[in-house]
Amino acid sequence: MIKLFRFHEYGPLVIITCLTTALLATKELDIKLVKLLVYATSGSISTFILNDIVDVDEDRMLSRFRNPLVNSELSVNTALILYLLTATASITALVGLNIYVITLALTTLTLSYLYSVGIRFKDLVPTDLLIHGLVPTLLTITTYITYRPLSLDLLILALIIFTSSITSELLQEIRDLSINSRSTVKYLGIKVSKDLILTLVMIASVLYILLTLSRYDLNYLVIYSPLTYFIIEPVIKFRSNYLSVEEVISKLRFRTTLLVTLALTTYVVLNTSQYTIR
C-alpha cells in the first residue's frame with residue numbers, strides 16, 4: 001500500500017509546498033490550512049493510485065515493478081476503492097472555502113487525473129512536462145489566494161515550483177526512457193534534456209534570490225542563496241555523467257527538502273510572535 005500511495009516520494013514535497021505557501025501568505029493559521037493540506041495530500045495520493053490502475057496492463061507487459069499492482073501486491077479492486085476514498089477526501093476537504101479557491105482546486109485535481117486518463121497528457125509532447133509543472137503550481141496559487149490576493153512574491157514562488165516540477169519530470173523521464181517511448185526526453189534526446197535540466201535548476205536558484213528580495217520580511221533569507229550550489233552541483237555532475245539519474249534524483253529530493261525546510265523554519269521562528277492560531 002505504501003508503494004501505491006508513493007507518499008514517501010512525493011508526500012513531503014506536497015506538504016512543504018502547501019505549508020510554505022500558506023505561511024508566506026498569512027500569519028493567521030486556521031482550519032483552512034488543515035483543509036488545504038488534506039486536499040493536497042489526498043489529491044496527490046489519489047492521482048498516483050489512478051495512474052497505477054490505468055497503467056497496470058502496460059506496466060505488467062513492460063515489467064515496471066514500481067507499480068505494486070503489477071505483481072499483485074494489491075488487487076485492482078482494492079486500489080480502486082482506495083482511489084475513491086482518497087479522491088473523496090480531497091474534494092470534501094474543500095467544503096467551506098470560497099468559490100474561487102474551490103474552482104481552482106478542482107481544476108488542479110482534474111488536470112492531475114487527466115495526466116493519466118482520458119486526454120493522457122503524459123503521452124503528449126510537451127504537455128507531459130507542462131502539466132507536470134502546472135499542477136503543483138496551481139496548488140501553490142490555490143493555497144495563496146485562500147488567504148490573500150495575487151502578488152509579486154506569489155508569481156516568483158509559482159515560477160520556482162513550475163521550473164522545479166518540470167526538472168523533476170525530465171529526470172524521471174530519463175530514468176524511465178528504456179520503458180517509455182512517449183516522452184519529451186525521447187523527442188529532445190538525453191544531451192539536450194540534461195542541458196535543459198541544468199538551465200531550469202539555475203533559473204530556480206535565481207528566482208529564489210528574487211523571492212527573498214520581493215518582500216522585506218523575506219530579505220534575510222537571501223543568506224541561504226549560496227546553498228543553492230548544493231542543488232546545482234549534482235545536476236552538473238549528472239550532466240557530465242559522474243552521477244546516475246537515480247543518484248541525482250535522490251540528492252535533489254533530499255537537498256531541496258532540506259533547504260526549503262531550513263528557510264521556512266528560519267522565517268517562522270523570526271516571525272513567531274506575529275502568528276496566531278484561530
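**Helix packing and salt bridges**

Analyst: In this predicted model, helices α3 and α5 are roughly antiparallel to each other.

User: Why are α3 and α5 called roughly antiparallel?

Analyst: α3 (residues 31–54) and α5 (residues 76–92) pack at an angle of about 155°, with their axes 8 Å apart. Angles over 145 degrees count as roughly antiparallel, and the pair is therefore given that label. The crossing of α3 and α5 is left-handed.

User: Which residues of α3 and α5 meet?

Analyst: From α3, the residues include V38, Y39, I45, I49, L50 and I53. Among their counterparts in α5 are V76, L80, L82, Y83 and A87. By type, the contact of α3 with α5 divides into 13 nonpolar residues, five polar and no charged.

User: What makes the pair D217 and R215 a salt bridge?

Analyst: The closest N and O atoms of D217 and R215 are 2.9 Å apart. The cut-off is 4 Å between a side-chain nitrogen of Lys or Arg and a carboxyl oxygen of Asp or Glu, so the pair qualifies as a salt bridge.

User: How do you know whether D217 and R215 are buried or exposed?

Analyst: D217 has a relative accessible area of 11%, and R215 has one of 12%. Buried means under 20%, so D217 is buried, and R215 is buried.

User: Why is the salt bridge of E233 with R255 said to tie parts together?

Analyst: The closest N and O atoms of E233 and R255 are 2.8 Å apart. E233 lies in α11 and R255 in α12 (residues 245–270), so the pair ties together parts that are 22 residues apart in sequence.

User: What joins K27, D153, R215 and D217 into one network?

Analyst: Salt bridges that share partners join these four residues, K27, D153, R215 and D217. A search of the whole structure finds 10 salt bridges.

Notes: Residues numbered from 1 in each chain as written. Predicted model: local features only at pLDDT ≥ 70, side-chain atom pairs only at ≥ 80, totals over all residues. Heavy atoms only, no water. Axes fitted to C-alpha atoms, helices over the stretch in contact; angles between N-to-C directions. Helix = DSSP H or I, 4+ residues; strand = E, 2+ residues; numbered from the N terminus. Parallel < 35°, antiparallel > 145°, perpendicular 65-115°, else oblique. Left-handed = near helix turned anticlockwise from the far one by under 90°. Contact = heavy atoms within 4.5 Å. Nonpolar A, V, L, I, M, F, W, Y, C, P; charged D, E, K, R; others polar. Buried < 20%, exposed > 50% of the residue type's maximum accessible area, 1.4 Å probe, protein only.
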